[in-house]
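Colleague: Please take a close look at one part of this model for me: the charged side-chain pairs. Then show me what lies around them.

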Amino acid sequence: MNHYSRTIVIGAGAAGLFCAAELAKKCGQNVTILDSGKKTGRKILMSGGGFCNFTNLDVSPSHYLSQNPHFVKSALARFTQWDFISLVCEYGIAYHEKTDGQLFCDNSAQDIVDLLEDRCKKVKVDIQLRQQIDSVERIENDPKVRFKVRANGVDWTCRNLVIATGGLSMPALGASPFGYKIAEQFAIPVIPPRASLVPFTYLENDKIFTALSGVSLRVNASVGHQVFRGDMLFTHRGLSGPAILQISNYWQPNESIRIDLLPNQSIVDFIMELKATSPNMLLKTVLSQLLPKRLVDLWIEYQRLAIGNKALAQISKADLQILDLLIHQWQFQPNGTEGYRTAEVTLGGVDTQFISSKTMQANNVLGLYFIGEVLDVTGWLGGYNFQWAWSSAYACANAIAESEI
């Protein structure tokens, strides 16, 4: 048996659902989504602690990493954060702003999935779940049918094929390299993927910090010239929290991360001022007022702050230099990352040099499109990756609709 759909979208995540609904709405053609999972939007439901950070009030190309940095400009300009916010308001979804313009649902991430599913339902998008894709073939010399997709032993044919399969992050939610394999099948290079927006793990020497699991503080984390300010969390495996996840996008294996544990205060200036008024105060007492006490106690216990029991009057210039390095220039050498299991996104992906930035169509394969995380486009933490899903999906849907006129 052969099934025909004008457009087939592989992947029922954020980009796939949005693209399918937008396309069917624009040109009324039949659109089918094939997905291997039991339900749609699985990663959406897990995002933002279950509240889905669906976009950001401040979105610009500078918030994205790609080997082709100009690639995102066109799509982001044509479907902005304000366009998606308008849609959220149209559906009456209550939301709130957190730090740095991040927008979250008040109730649940399910609200966003419901929005996407409802839009698909209204324009009769056919969503086929539990579909294991066996193969994708190109059909030559037929203007109406360009691809054959075999799923669960059944053949589907289509004119347009949209790959919205995401990256490798969160394999428990069905992530796979399928999208990369399709790109390579059609001679489209793939930038080697790796886990990103991901916690770091400890080297053996730093495993003393496992005792601080649950302790957090606001820091500046930096690699090269890239700096992020935000919370850092000690875990029983390593370092996490927004500042660490952000900097993981820029970190390379064997590189050290510089961490300023007291970004709003110069420890040297503070000690010098206090030294004049409270010379008998112990250094560890002062530090425990500025930093988590458990961290200060651990430094002293493991001889990383041997001067901690000195009174301020005894603190020398050499001691102050040690303090400055320890607190403002902590060189943390990760053992590695926690990998795709906990990564929020995948860095790398389908090489955008081979994809049209205006249409998301492969330059060398008519009718083949790539959208969302499967591409070599990675946003910062804070709703940027969802915005890329909406923007790239919109660009793709528009392009297909215009080609069908």
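Modeller: Glu 204 and Lys 207 join their side chains in a salt bridge, with N and O 3.3 Å apart. The term needs a side-chain nitrogen of Lys or Arg within 4 Å of a carboxyl oxygen of Asp or Glu. Glu 204 is exposed, at 60% relative accessibility. Lys 207 is partly exposed, at 41%. The classes are these: buried is under 20% relative accessible area, exposed is over 50%, and partly exposed is in between, with a 1.4 Å probe and protein chains only.

Some ground rules. The model is predicted, so local features need pLDDT of at least 70 and side-chain atom pairs count only at pLDDT 80 or more, while totals for chains, interfaces and linings use all residues. Residues are numbered from 1 along each chain as its sequence is written, and side-chain values use heavy atoms, with hydrogens and water left out.

The structure has 13 salt bridges. One network of them links Glu 22, Lys 26 and Arg 119. Take Glu 22 and Lys 26 to begin with. Their closest N and O atoms are 2.9 Å apart. Both residues sit in helix 1 (residues 14–27), and because they are 4 residues apart there, about one helical turn separates them. Helices here are DSSP runs of H or I with at least four residues, strands are runs of E with at least two, and both are numbered from the N terminus. Glu 22 is buried, at 5% relative accessibility. Lys 26 is partly exposed, at 36%.

Glu 22 has another partner. Its side chain meets that of Arg 119 in a salt bridge, 2.9 Å from N to O. Arg 119 belongs to helix 5 (residues 110–122) and Glu 22 to helix 1, so this pair ties together parts 97 residues apart in sequence. Both Arg 119 and Glu 22 are buried.

Helix 5 also carries Asp 114. That residue is partly exposed, at 37% relative accessibility. Its C-alpha lies 9.7 Å from that of Thr 40, 74 residues away along the chain.

Back to helix 1. It packs with helix 12 (residues 384–403) at about 30°, their axes 8 Å apart. Axes are lines fitted to C-alpha atoms, for helices over the stretch in contact, and angles run from 0 to 180 degrees between N-to-C directions. The two helices are therefore roughly parallel, a label for angles under 35 degrees. Their crossing is right-handed, meaning that the near helix is turned clockwise from the far one by less than a right angle. On helix 1 the contact (heavy atoms within 4.5 Å) includes Phe 18, Leu 23 and both Glu 22 and Lys 26. Helix 12 contributes residues including Phe 386, Trp 390, Tyr 394 and Ile 400.

Elsewhere there is an open sheet of 3 strands, in the order 4-7-6, with antiparallel pairing. Strand 4 (53–56) and strand 6 (95–97) are its edges, each pairing on one side only. Pairing requires at least two bridges between the strands in DSSP. Neighbouring strands are turned by 30° on average, direction ignored. Strand 6 pairs with strand 7 (residues 102–105) over 3 bridges. Tyr 95 has Cys 105 of strand 7 as its bridge partner. Helix 4 (residues 81–90) packs on this sheet and touches strand 4, strand 6 and strand 7. Its direction makes about 135° with that of strand 4.

Key:
Parallel < 35°, antiparallel > 145°, perpendicular 65-115°, else oblique.
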